[in-house]
Amino acid sequence: MFNGLISPALLAAANAFVWQEHTREIITAALLSMVPTFEGRYAVAVAVRMGMPAVFSYLLALICSSLPVPFILWLLRPVLDWFYTLPIKPVRKFAEWLEKHAEKKRASMNEKNGKGLRGKLSAETAELFALYVFVALPLPGTGVWTGSAIAALFKMPRGKATAAILLGNVTACLIMVLMAVGSKAII
């Protein structure tokens, strides 16, 4: 079906990939997908370079990099609250700094509410769109982990934030798999 769209070299590599013999590569790609800052966006490129089929690499990286989202969204706030109860002053100061910094950023975003898209959308919709774009851009420092932390610190609705983060992850992994397949076809 896709034979005309996929180069013969990639098709041969996909057919040559024997799953039972490449378990180590699959596990490596899956674990790399869950590492903060590396995530699925870079793991998908590594998986394609290791010889995995592009679609499998994409799905593996997407699923594994999405696993931390609910844990971060549900546990970051309780962990910060727990930090305040600890007798260790630097930990309490860190939690306080993190919350103040997040509140200052959110206030700054809401202050500019009348400009651009923000003037036409509700504040919540604009924040969710910004979260999607933040996660979707495959740049260092952006991604699922950071996006989930931002959503938790901004106290965004968990369901809507999860949808924005997952859609952003779908986009970022797709961009990277297309770039990896394109670069592999060129090389």
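Predicted model: local features only at pLDDT ≥ 70, side-chain atom pairs only at ≥ 80, totals over all residues.
Where does helix 5 bend? The bend, of about 40 degrees, is at Leu75, and the proline Pro78 follows within four residues. The end-to-end distance of helix 5 can be checked against its length: the 18 residues (68–85), at 1.5 Å a residue, should span 26 Å, and the end C-alpha atoms are 25 Å apart, which agrees.

Helix 5 also has a buried set of residues, made up of Pro68, Val69, Ile72, Leu73, Arg77, Leu80 and Phe83. An α-helix has 3.6 residues a turn, so residues three or four places apart point the same way. Leu80 is buried and belongs to the largest nonpolar core, which has 19 residues; Leu80, Leu131, Ala151, Met156 and Ile165 are the ones that touch the most other members. At least two residues of this core come from each of helix 5, helix 6, helix 7, helix 8 and helix 9, and helix 5 gives the largest share, four residues.

| Helix | Buried residues |
|---|---|
| Helix 3 | Glu39, Gly40, Arg41, Ala43, Val44, Ala45, Ala47, Val48 |
| Helix 5 | Pro68, Val69, Ile72, Leu73, Arg77, Leu80, Phe83 |
| Helix 8 | Val144, Gly147, Ser148, Ala151, Ala152, Leu153 |

Helix 3 (residues 39–49) has eight buried residues out of eleven, so helix 3 is largely enclosed by the rest of the structure. The buried residues of helix 3 include Glu39 and Arg41 as well as Ala43 and Val44. After helix 3 comes Gly51, with a positive phi near 100 degrees.

Helix 8 (144–153) is among the helices that supply the core, and Ala151, one of its buried residues, is among the core residues that touch the most other members. Lys155 follows helix 8 and has a positive phi, near 55 degrees. Pro157 is located in the loop between helix 8 and helix 9, where its relative accessible area of 32% makes Pro157 partly exposed. How far apart in space are Pro157 and Leu73, C-alpha to C-alpha? The distance is 9.7 Å, although Pro157 and Leu73 are 84 residues apart in sequence, and Leu73 is one of the buried residues of helix 5.

How values were computed: Residues numbered from 1 in each chain as written. Heavy atoms only, no water. Expected span 1.5 Å × (residues − 1). Bend = angle between axes of the 7 residues up to and from the residue. Buried < 20%, exposed > 50% of the residue type's maximum accessible area, 1.4 Å probe, protein only. Core = buried A, V, L, I, M, F, W, Y, C linked by side-chain atoms within 4.5 Å.
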